[in-house]
Amino acid sequence: MTDKKRGPSVYDDMFDDDALAAMLKEDKTIVGLAINEQYAKWAYCETNPKDTFRKPEALDDMVVLDVSYAHFGALYASSILAEFGAEVIRIEPPAGDLARKMTPYGIMVKDTGLAYLTEARNKFHITLNLESAEGQAMFRTLASKADVVIEGFKPGYMDRLGLGYEQLKALNPGLIYCGMHSMGHFGEDSEKFSNQPDYDIVAQARGVIMSVTGEPDLDPEVPPEYKRPLKSGNWMGWYVGGAWAAFGIQAAMLVKRRTGKGQFVDCSPPEGLLSISNYLMQYYHMSGNEMPRAGNYDYAVFPYTYVKCKDGYTFMSGFTDPNWAALCEIMNRPDLQKMFPTIKERLTPENQPKIQHEIEKFTENYTSEEILQMLTEYSRRPDKKGTVVTGRLETPTDVLTREHWRVRETFVRRKDPYYGELVIQNSSFKSMSRTPGRIKWICRPVGGDNEFIYQKYLGLGKGKLQQLKEKGII
């Protein structure tokens, strides 16, 4: 398979199977890189989502107890592990987790809200009353056979129940115990706020990024009352914390596989946000000033912004001098290039609103697709001055109807015997050549796996489980 325009490709010898090569050549669903069709087809072959369930799971030797309550950070952490094949046992109170009630406009599917449905994937669900002595004994037995415990309670809560890391590691030295809370599990604030549950908005507020999110401080066209901090539109604090927790747990598992010893993972979601806060803390350290809210501007690279267009908003770039010259040429605005000739002028905060509004005078006349076509045509010119990048701001409607995401199987549709037909995001790790993540099932009702899990790990039959249910233990 040779690219006639480019000559032989380094990927040609990967298609030594003529039948496979012919199939890939004819498959019109493969949307590839225009510069190298062979590479795109190779990547498709290696990571085709249709092959996922024929490949092994990376974490199928791991047993995880997720005993979190109303904490989507912990739920996300265990979801990542479950996608990679860990046996995640989700432990809820007998009445169910409050997280099942967190849903837009009160929309419920049976007993469960929309947010929980996205974070229950691949998990077995059981119920257990940790406040009871019998429930605590049952949890200790489960923990003695597990690799990981994840919780998001107030610092010290599990320890007071006799279920903290120190007590459980005496039963299971190889246990990895992850506690998640915005204040962490030690320090002055952990003591001061230890009686408060962990909330995403607290993590966002403490993680600094919220302080620079919102309408730009230095844009004179923005009314003063709008210039205030804004939280992210999703639960970013929880989800960043959950991702960091999953990473720490897997690193601890590497050590456990070598040494047999577990460890305590103290995960503070704001610290996860601080670690991705770009230059905010360094700027304060070097200048003594707090970074103002930038909105769609960027005080390190600009233009690097979203601007209005006829059908919504689209991204426009032009940071370096050649790229800025290219953008000005496309807009037929040589005056702008002369007015802001260097990076220094374009990064001056007071200049950025002026540049933004001048760019929008151009983009408001075109759709995002028309702008893309203009930029594409310019990129093919032999005399082009630089490169300008664009990309339309997507809505959920755009995403769910776009062919690109359908071909990549970014979303999966499952028909659940209890919840009916549901659509959720596929695993973020589905595109791996050897051990991809996957969605095996979406959710279970409260206590849906009590019989299976308690029989498997505690040897309890239906009669005993009925007695425990009558006593309020499960």
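A residue counts as buried when its relative accessible area is under 20%. Phe362 comes in at 12%, so Phe362 is buried. This model is predicted. The structure holds 17 aromatic pairs. A pair of aromatic rings is described by the distance of the centres and the angle of the planes.

**The pair Tyr39 and Trp42**
- The ring centres of Tyr39 and Trp42 are 5.6 Å apart, and their planes meet at 35°, so this pair is tilted.
- Helix 2, residues 37–47, holds both Tyr39 and Trp42.
- The two residues are 3 residues apart, about one turn of the helix.
- Tyr39 has 30% relative accessibility, so Tyr39 counts as partly exposed.
- Trp42 has 24% relative accessibility and therefore also counts as partly exposed.

**The pair Phe362 and Tyr366**
- Phe362 and Tyr366 form a tilted aromatic pair.
- Their rings lie 5.1 Å centre to centre, with 45° between the planes.
- Phe362 is buried, at a relative accessible area of 12%.
- Tyr366 is partly exposed, at a relative accessible area of 27%.

**An aromatic cluster**
- One aromatic cluster is formed by Phe72, Trp235 and Trp238.

**Charges over rings**
- Lys110 lies over the face of Tyr418.
- The distance from Lys110 to the ring centre of Tyr418 is 5.4 Å.
- Arg438 has its charged end over the ring of Phe53.
- That charged end of Arg438 is 5.7 Å from the centre of the Phe53 ring.

Technical notes
Residues numbered from 1 in each chain as written. Predicted model: local features only at pLDDT ≥ 70, side-chain atom pairs only at ≥ 80, totals over all residues. Heavy atoms only, no water. Phe/Tyr/Trp six-rings, centres within 6.5 Å; stacked < 30°, edge-to-face > 60°. Helix = DSSP H or I, 4+ residues; strand = E, 2+ residues; numbered from the N terminus. Buried < 20%, exposed > 50% of the residue type's maximum accessible area, 1.4 Å probe, protein only. Lys NZ or Arg CZ within 6 Å of the ring centre and 35° of its normal.
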